[in-house]
Amino acid sequence: MSTKYSGNLELIEALISGDSKAYTFLVDTYHHKLCIYAYSLINDEKAAEDIVQNVFIRTWKKRNRLKSDFEIRSFLYKSVYNEFIDEYRKQKLVVPLEKKYIDALTTMVENEDDHALEAKIKLVKRAIQNLPPKCREIFMLSKHDGLTNLEIAEYKQVSIKSVEAHITKAFSILRQSIREEMPQVLFLIFKSLKKDPHTSRSV
């Protein structure tokens, strides 16, 4: 990868001038990380690739609108985020708490290195796997399968209080294992935290 455009201003000026090498440098530098970010939002590899491709194409087509005081990295992440929100809104309404997780995720990813987000997701998944078996089963029925506490209680033939206790215990254990940014990472994995009071209290 060329290091010719080491400065933000130099890169933006080259893009504005129509330097195709600057565009290649931009794609080479940010494509992989933006795909990771887009995938973490939409959980669909092809859709993530499409989002990132659209962002790069739009950036090139509208390069004359770039300004020298832009931070190109933040601009690209925000563009991916906006593209995702546009697609997401076509499917369902983004509620305020859900948007709060997405905004926090955007800030988190912008400040991480290429593999930090993947590492955090793996850490959370490993922590979930290490939950006590019954606790993990009920937690997954709630977060992964989207069952209500009443549906879980009926399915497992236990009381609702027992279901609530297992879910509360799961969150308590996870908070001890993963102290920072747990709600945002859980949101990436399950996309259902907006319904859960346990995580809303921890944000």
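Let's start with a term: buried means under 20% relative accessible area, exposed means over 50%, and partly exposed lies in between, using a 1.4 Å probe and protein chains only. Cys-35 is buried, at a relative accessible area of 11%. Cys-135 is buried too, at 1%.

Now the ground rules. This is a predicted model, so local features need pLDDT of at least 70, side-chain atom pairs count only at pLDDT 80 or more, and totals for chains, interfaces and linings use all residues. Residues are numbered from 1 along each chain as its sequence is written, and side-chain values use heavy atoms, with hydrogens and water left out.

Back to the cysteines. A disulfide is a covalent bond between the sulfur atoms of two cysteines.

Next, the overall layout. The protein chain has eleven helices and zero strands. Both kinds of element are DSSP runs numbered from the N terminus: helices are H or I with at least four residues, strands are E with at least two. Of the 203 residues in the chain, 40% are buried. Contact means heavy atoms within 4.5 Å. Take the contacts with a separation of 6 or more: 65% of them join residues 24 or more positions apart.

On to the cores. A nonpolar core is a set of buried Ala, Val, Leu, Ile, Met, Phe, Trp, Tyr and Cys residues joined through side-chain atoms within 4.5 Å. The largest one has 27 residues. Leu-26, Leu-34, Ile-72 and Leu-76 have the most contacts inside it. Which elements give two or more residues to this core? They are α1 (8-16), α2 (20-42), α3 (45-61) and α4 (72-91). The largest share, nine residues, comes from α2. A second, separate core has 17 residues, including Cys-135 and Val-124.

Look at Ile-72. Beyond its neighbours within four places in sequence, Ile-72 touches Asn-8, Leu-11, Ile-12, Leu-15, Leu-26 and Tyr-30.

Now helix α3. Its expected span is 1.5 Å times one less than its number of residues. For 17 residues that gives 24 Å, and the end C-alpha atoms are 24 Å apart, which agrees. The buried residues in α3 are Ala-47, Ala-48, Ile-51, Val-52, Val-55, Phe-56 and Thr-59. Keep one general point in mind: an α-helix has 3.6 residues a turn, so residues three or four places apart point the same way.

Is Glu-83 buried or exposed? Glu-83 counts as buried because its relative accessibility is 10%. Its side chain makes a polar contact of 3.3 Å with the side chain of Asn-54. That term means a pair of N or O atoms within 3.5 Å; within protein, one must be able to donate a hydrogen and the other to accept it, and residues adjacent in sequence count only if both atoms are side-chain atoms.

Last, the aromatics. Rings of Phe, Tyr and Trp (its six-membered ring) pair if their centres lie within 6.5 Å; planes under 30 degrees apart are stacked, over 60 edge-to-face, and the rest tilted. The whole structure has three such pairs. In one, Tyr-23 and Trp-60 have ring centres 5.1 Å apart and planes at 50 degrees, so the pair is tilted. Tyr-23 lies in α2 and Trp-60 in α3, so the pair ties together parts 37 residues apart in sequence.
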